[in-house]
Amino acid sequence: QKTIYLKDYTVPEFLISKTELHFDLSADKTLVNSRLNIYRNPDCKKTNPDLVLMGEELTLIDLKVDGERLHPEHYTLDDKTLTIHNPSARFVLEISNHINPSTNTALSGLYKSNTMLCTQCEAEGFRRITWFLDRPDVMSIFSVTMVADKDEYPVLLSNGNRTGSPNIALADNKHAARWHDPFPKPSYLFALVAGDLACLKDSFTTCSGREVALEVYVEEHDLDKTSHAMQSLKNAMRWDEQAFGREYDLDIYMIVAVSHFNMGAMENKGLNIFNTKYVLASEKTATDADFENVEAVIGHEYFHNWSGNRVTCRDWFQLSLKEGFTVFRDQQFTAHQTSEAVKRIKDVNMLRTHQFAEDAGPLSHPIRPSSFVEINNFYTLTIYEKGAEVVRMLHTLLGETGFRKGCDLYFERYDGQAVTTEDFVTALEDANNANFEQFKQWYSQAGTPTVTVTTSYNQNEKTYTVSFEQHNNSPSTQANKEPLVIPIRLGLLDDNGKELNLHGEQTSTVLELTKAEQSFTFTDINTEPTPSILRGFSAPIKLQQTLSIEQKIHLFQHDKDAFNRWEAGQNCLSYFIFKTFDAIQNHHKVPPLPDELVGTFRAILQQPLADLAYQSLLLSLPSKAYLAEQMSTIDIDALYQAHRIVKQTLASSLQDLWLAHYHANHHVGAGTDSQSIAQRSFKNLCLDYLMALETDEVRSMCIQQFETARNMTDQIAALAELSHLDTSLNVSYFDAFYQQWKNEDLVIDKWFALQACSEKTDALHSVKKLTQHPDFDMKTPNRVRSVIGAFATANPLHFNAIDGSGYEFVADNILLLDSINPQVAARLANSLSHWKKFDSTRQQLIKAQLSRIQAHTPLSKDVSEIVSRSLT
Ligand code: HT7
Ligand code: ZN
């Protein structure tokens, strides 16, 4: 295993000004001819006389330099590189090679998905198409000619704009298409697609009046599920013009949906390739969450056109430069399209549940890592989600206008270049005359800082002092953690819930923590207030604060900051779930929920809020996964019991209200407007509480919802409730669902996932059976994720079974998958990394599986890296 270090970065020795590619496409044997204009990089100080190109799984046919066939003594070939000995300072290299898309189950490079051919080149897939300087700081102008059978591949797409006449007819029933991308790009943004595809067409007029053709390509039977994707794209294009001043630059923007895809989507210049899951949506087959995800991912890939493509990364250590920034941009977009409060809560929930867990375990790394073995293992929640939080803090520190000025300068200064996170921060500094030297530590420090707050009120002087202490005790390697810059948004509430003025008119302020210990004093405070700290979750930290339960309830009732109001409710609920948990573990009497908390729930249920989706979140329990993240040793069984007891208490105390709201918001018909979506989420929350009562009436109501649903949100919500019932009754509902949806892959993924997440006692047995189902396929990542992935990450009860059967099952499948698709296998292996959070019996069981995987030969470097880091 070779470790690559950021400190070893050097500029490329050669550059490629022009790349002409010619493909003769066929599923079993594709011929690739490339013609590269190569020259020595004048900025490179190294004097290696040779050119070393990267290439893997390629069959060389021919090699020419400046039109002359190269003799074998002038080059060296191994399984990873092609070295041209002592070339001149400027020359044309022509390479011919073969590749086999149909055996490419790793889905990196050119591969076959159903009947189409498509590419995935990020991070290092281009080298599986032809030899190249496959690194992001080598940017080249690409022209592509594609030749293929007219009937099998009527649609031929690549990056940029079409050139010449539309597909030219050739001999042998073939045809050709030509594409030219005028923007220099690294090879990871190259793409091509060939297939028999249906297309939804539309157009967009940019802010400067240019007409852009918009095309969404799918398999024929999915054409009726593309209109939401198209609308999402138009929304994203308009929003990026308005919010960031970014205009689209080519004549055409294409999206292609493919069934076999390792991740969510890919931002290839002008030709985005998407997992079908993030394109296809109809009310019947997709949930409201799916609709929202489609818009978010379409936005995300579109926003990369500037944050990633026009300005790209110098090297893969800079991945968060494009990913963290683009996630921040897509979060702002979704907040604008939906509800700011709801979007923030959902994002923070995800960050704190999953990214905090990653950052507390053996796979913890900074948002700019300093080393890696396999870059595909670094497309992590830390790079994406924590990366976005770091950008958000810069936004908070500079304010909306200052941040925008900084982004404008960044795009202008670095357009067409491959740059670093340092360059990004410098642009923000320069545009605002700011100094972010200390702030930059967020890029190099791993771990989640903890900030402890204490407050004191001085009655005589009418002052209120808030004191902070920051600690960063992450398990990662750096010993001396320096204090970070932590923006803390804060407000103060009086006894009536009114916001106090802090500085003149303002009721909310941002305190800038820069030291390990720091205090801030507010004057003219007439009575001791209740502090509302870390409003909007202004920094990705763990806040430790000793508020009384009365203060928490006060904030839950009155906080004007939507995030902190929700947070206060979650804190109250977590407190009682943990108290119940302790009582269960110690065999004590379970403590009651205080009347005041139940009363606050009642008041929220009775009070119609304008934002119904937010109201649903206010009334939701913290997830078991989030609670587990906060425990030093997880006792899954006690946690499940405690969660259930608190849910049942709220369900029975407020039964009439849940029922009334269920009926008031349950409309069998559907609508995709925000009010209908919010009503469904509220109604399904009511159903979830009511199901905790375990009564026949509620079960009948749930079955009726399942049977009469005319939208996937309601159908799947009801089936999810039924999936946990320990009776054979629910088999018939799963059978009915399968019969109804057996031709819709994405719906069948949901069918698999619900069974894989079931709490039923025989869940593992059922999951094992599912892997033998005729529709299960190890070569389809979505299927693998919906069965093995769902079991390993969303069924903690059975995954952590005390006999080790869950761990063994997942390890078996990691090994099976590794020889097919190492990237996806490595992602599954992440689930075994959290062993330190469990009791010693489970720790031994998990470590035994990790060691078994580690000892297996052959083993991909993807899985090997995750497993060996997990064992440290
Ligand atoms: N930038 C894209 C990353 C990606 C990817 C990375 C490794 C292997 C396969 C992949 N597919 C897509 C996605 C994005 O963040 O926009
Ligand atoms: Zn991205």
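**Exercises on strands and a ligand shell**

Thr 455 has Val 466 of β26 as its bridge partner. The model is predicted: local features need pLDDT of at least 70, side-chain atom pairs count only at pLDDT 80 or more, and totals for chains, interfaces and linings use all residues. Residues are numbered from 1 along each chain as its sequence is written, while chains are lettered from A and ligands numbered from 1 in the order in which they are written.

**Exercise 1.** Sort the residues of β26 by face.

*Solution.* 
Step 1. In a regular strand the side chains alternate between the two faces of the sheet.
Step 2. Tyr 464, Val 466, Phe 468 and Gln 470 make up the covered face of β26.
Step 3. Thr 463, Thr 465, Ser 467, Glu 469 and His 471 make up the uncovered face.

**Exercise 2.** Explain what sets β10 and β13 apart in their sheet.

*Solution.* 
Step 1. The open sheet has 4 strands in the order β10-β11-β16-β13, with antiparallel pairing.
Step 2. β10 (109-113) and β13 (155-158) are at the edges with a single partner strand each, so one side of each lacks a neighbour in the sheet.
Step 3. For β13, the pairing is with β16 (residues 192-195), antiparallel over 4 bridges. Within this pair, Leu 156 is opposite Ala 194 of β16.

**Exercise 3.** Describe the shell around ligand 1.

*Solution.* 
Step 1. The shell has 15 residues; a residue belongs if its C-beta atom, placed from the backbone, lies within 6 Å of the molecule.
Step 2. Glu 122, Asn 262, Met 263, Met 266 and Tyr 379 come nearest to ligand 1.
Step 3. At least two shell residues each come from β20 (265-266) and α2 (288-303).

**Exercise 4.** Locate Glu 528 relative to Asp 494.

*Solution.* 
Step 1. Glu 528 sits in the loop between β29 (517-522) and β30 (530-533).
Step 2. The C-alpha atoms of Glu 528 and Asp 494 are 7.4 Å apart, although 34 residues separate the two in sequence.

Technical notes: A residue is buried if 20 or more other C-beta atoms lie within 10 Å of its own, exposed if 12 or fewer, and partly exposed in between; C-beta atoms are placed from the backbone. Two strands pair if DSSP finds at least two bridges between them.
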